[in-house]
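Visitor: I'd like a close look at one part only: the inside. Take me through what sits there and what touches what.

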Amino acid sequence: MYLMCLLGNLIILILVCLASKLHTPMYFFLCNLSVLDLCYSSAITPRMLADFTSESKSISFLACATQMFSFALFATSESLLVSSMSYDRYVAICQPLVYHNIMNKSTCWGLVFGTYFSSFLASITHTFTVFKFPLCGSHEIDHFYCDIPPLLKLTCAHSYIRKLVVFSMAFVMGVVSFFGILMSYVLIIYNILRIHSADGRRKAFSTCTSHLTVVITFYCTVFGIYLQPSMGLNSDGLNADDIGKVFSIFYTVTPPLLNPLIYSFKNTEVKNAVLNIFVSDQVKKLS
């Protein structure tokens, strides 16, 4: 699955670079999403796979902090980036006549830079808050990788303040991203419903189905981990921590794996770009 994730996202990057018709704001954001997916999965999966096959599953303090920082950075960036992509879809559908004036290069780069800068600040805050004081008690992380919730369980000094800072920051970033997407799609749906022809409504909504599918996939896996009920054993003998580990596999692998597939199979422009590249290559060989 990890190799498929790498291959799928690399293909999207190469395809957008080669196909001039895909040099639009939507695919500019898609390229950044593919880069984030590559980094996002690579921050966790290779080390996790190595630990599965190794007797020694230890990790140094610095390596653990680096892994947590990297994962928080790319996960937060992906959350904010899909929010920026929803704004792009809102402008494309609700203000099509001035789309290229609004979504110019400066706007696109500004949204991407804001995404990375905000994510960097949030990740630095998370890492500094968790690792500022030495961990006490057991140094065994009850997880597949250095994630924030299992690491906070190992803190003792100022643990309440640390948890408050981390979850407040995560809540703010999550709320900003989620409500940005929600408001964009409320306005999109409102404008689509105002289109009189059924064919016009279908064409308008089809331009954002790929992005909407990506959003649902990403947030379902996120909510599956961070909004799971904190309860005792369930009927299968799994507690909340065990359920969190199961969801974490989908959280770290599923979105990066599915995103290129969603944009490949559900997007006519991507399919046409692939056909044009192969057809032009065949024409060159024949000539």
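Guide: Let's start with Cys108, which counts as buried because its relative accessibility is 5%. Keep in mind as we go that this is a predicted model. Cys17 is another story: with a relative accessible area of 56%, Cys17 is exposed. The cysteine sulfur closest to that of Cys17 belongs to Cys31, but at 5.3 Å it's too far for a bond.

So where does a bond form? The structure holds 1 disulfide, and it joins Cys64 to Cys146, with 2.1 Å from S to S. Cys64 sits in helix 4 and Cys146 in the loop between helix 6 and helix 7 (148–152), so the pair, 82 residues apart, links distant parts of the chain. Both of these cysteines are buried, and the link is left-handed, with -120° about the S-S bond.

The largest nonpolar core has 50 residues, and Leu33 and Ile188 touch the most other members. Among the helices that each supply at least two residues of this core are helix 1 (2–18), helix 2 (25–42), helix 6 (105–131) and helix 12 (268–286). Helix 4 gives the most to this core, with 12 residues. There's also a second, separate core of 12 residues, and Cys64 turns up there, along with Met68 and Leu154, among others.

Ile188 deserves a stop. Setting aside neighbours within four places in sequence, Ile188 is in contact with Ser86, Arg89, Tyr90, Ile93, Cys94 and Cys208. Ile188 is one of the buried residues of helix 8, and others there include Met173, Ser177, Ile181, Ser184 and Ile192. Helix 8 itself runs over residues 159–193, and at 1.5 Å a residue its 35 residues should span 51 Å; the end C-alpha atoms are 50 Å apart, which agrees.

Last stop: Ala75, back in helix 4. Ala75 is buried, with a relative accessible area of 9%. Not counting residues up to four places away in sequence, Ala75 touches Tyr40, Phe218 and Tyr251.

Notes. Residues numbered from 1 in each chain as written. Predicted model: local features only at pLDDT ≥ 70, side-chain atom pairs only at ≥ 80, totals over all residues. Heavy atoms only, no water. Helix = DSSP H or I, 4+ residues; strand = E, 2+ residues; numbered from the N terminus. Expected span 1.5 Å × (residues − 1). Buried < 20%, exposed > 50% of the residue type's maximum accessible area, 1.4 Å probe, protein only. Core = buried A, V, L, I, M, F, W, Y, C linked by side-chain atoms within 4.5 Å. Contact = heavy atoms within 4.5 Å. Disulfide = S-S within 2.5 Å.
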